[in-house]
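Please look over the fold shown here, with an eye to helix packing and charged pairs. A short report follows.

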Amino acid sequence: MNDPTAPSERYLQGMATRRAVLGDSHVDRAQQGSTEFDQPFQELITEAAWGHVWSRPTLSLRERSIVTIALLAALGQDDEVAMHVRATRNTGATREDICEALLHVAIYAGVPAANHAIKIAKQVFEQMDAEQAA
């Protein structure tokens, strides 16, 4: 008989994709920091964002990464921009890809949004470079 408390297939796929993109340590921190209050939200994003959207085969993880960074920059979601720029080490999106995406943001969502996202990306790249050099 099926266990009604067992995670769904979409959740399991979402968790695998989420870990592939964001890395185990990031996902583990999110899971460990989860409480009864935000557990439903964690389940929602794992199933919907990661299990349904990010796991679709039409776009590659690199392409989804580029689109996501552009959308988050346009929306002014600074923490999420930083997180997804960091995730490019796992998705294959290059710094050139991100630069091109942010040029699109400048034209279609505004120069201030792109300018701010570029500052964030540069800071993240500096951190990533320092980590790699260490």
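At roughly what angle do the axes of helix α1 and helix α3 cross? The axes of α1 (residues 9–22) and α3 (residues 39–53) cross at roughly 80° and come within 7 Å. That makes α1 roughly perpendicular to α3.

This is a predicted model, in which local features need pLDDT of at least 70, side-chain atom pairs count only at pLDDT 80 or more, and totals for chains, interfaces and linings use all residues. Residues are numbered from 1 along each chain as its sequence is written, and side-chain values use heavy atoms, with hydrogens and water left out.

**Helix packing**

Two packed helices are described by the angle between their axes and the distance between the axes. Axes here are lines fitted to C-alpha atoms, for helices over the stretch in contact, with angles from 0 to 180 degrees between N-to-C directions. Angles under 35 degrees count as roughly parallel, over 145 as roughly antiparallel, 65 to 115 as roughly perpendicular and the rest as oblique. Helices are DSSP runs (H or I, at least four residues), numbered from the N terminus.

The α1–α3 contact (heavy atoms within 4.5 Å) draws on residues of α1 including Y11, M15, R18 and L22. On the α3 side, I45, T46 and W50 are among them.

Helix α1 also packs against α5. The axes of α1 and α5 come within 6 Å and cross at roughly 95°. That makes α1 roughly perpendicular to α5. A20, V21 and L22 of α1 meet M83, H84, A87, N90 and T91 of α5.

**R18**

R18 lies in helix α1. Is R18 buried or exposed? R18 counts as buried because its relative accessibility is 3%. Buried means under 20% relative accessible area, exposed over 50%, and partly exposed in between (1.4 Å probe, protein chains only). Leaving out residues up to four places away in sequence, R18 touches G23, V27, A30, Q31, Q42, I45, T46 and W50. T35 is 17 residues from R18 along the chain, and their C-alpha atoms are separated by 19 Å.

**Salt bridges**

Side chains of opposite charge can pair when their charged atoms come close. A salt bridge is a side-chain nitrogen of Lys or Arg within 4 Å of a carboxyl oxygen of Asp or Glu. By this rule the count comes to 5 salt bridges. The table gives some of them.

| Pair | N to O distance |
|---|---|
| R19 and D24 | 3.1 Å |
| R62 and D97 | 2.9 Å |
| E131 and R89 | 3.5 Å |

R62 sits in helix α4 and D97 in helix α6 (residues 95–108), so this pair links distant parts of the chain, 35 residues apart. R62 is partly exposed at 34% relative accessible area, whereas D97 counts as buried at 12%.

E131 lies in helix α7 (residues 111–133) and R89 in helix α5 (residues 78–91), so the pair ties together parts 42 residues apart in sequence. R89 is partly exposed, at 48%.

R19, D24 and D28 are linked in a network of salt bridges. R19 is partly exposed at 26% relative accessibility. D24 is partly exposed at 46%.

**Nonpolar patch**

Which residues make the nonpolar surface patch? L59, V67 and L71 make it, and it covers about 250 Å². Patches are made of residues with over 30% relative accessible area and no salt bridge; like charges are joined within 9 Å, nonpolar side chains (Val, Leu, Ile, Met, Phe, Trp, Tyr) within 5 Å. Accessible areas come from the Shrake-Rupley method with a 1.4 Å probe. V67 is found in helix α4 (residues 61–75) and is partly exposed at 42% relative accessibility.

Terms used:
Helices (H or I, at least four residues) and strands (E, at least two) are DSSP runs, numbered from the N terminus.
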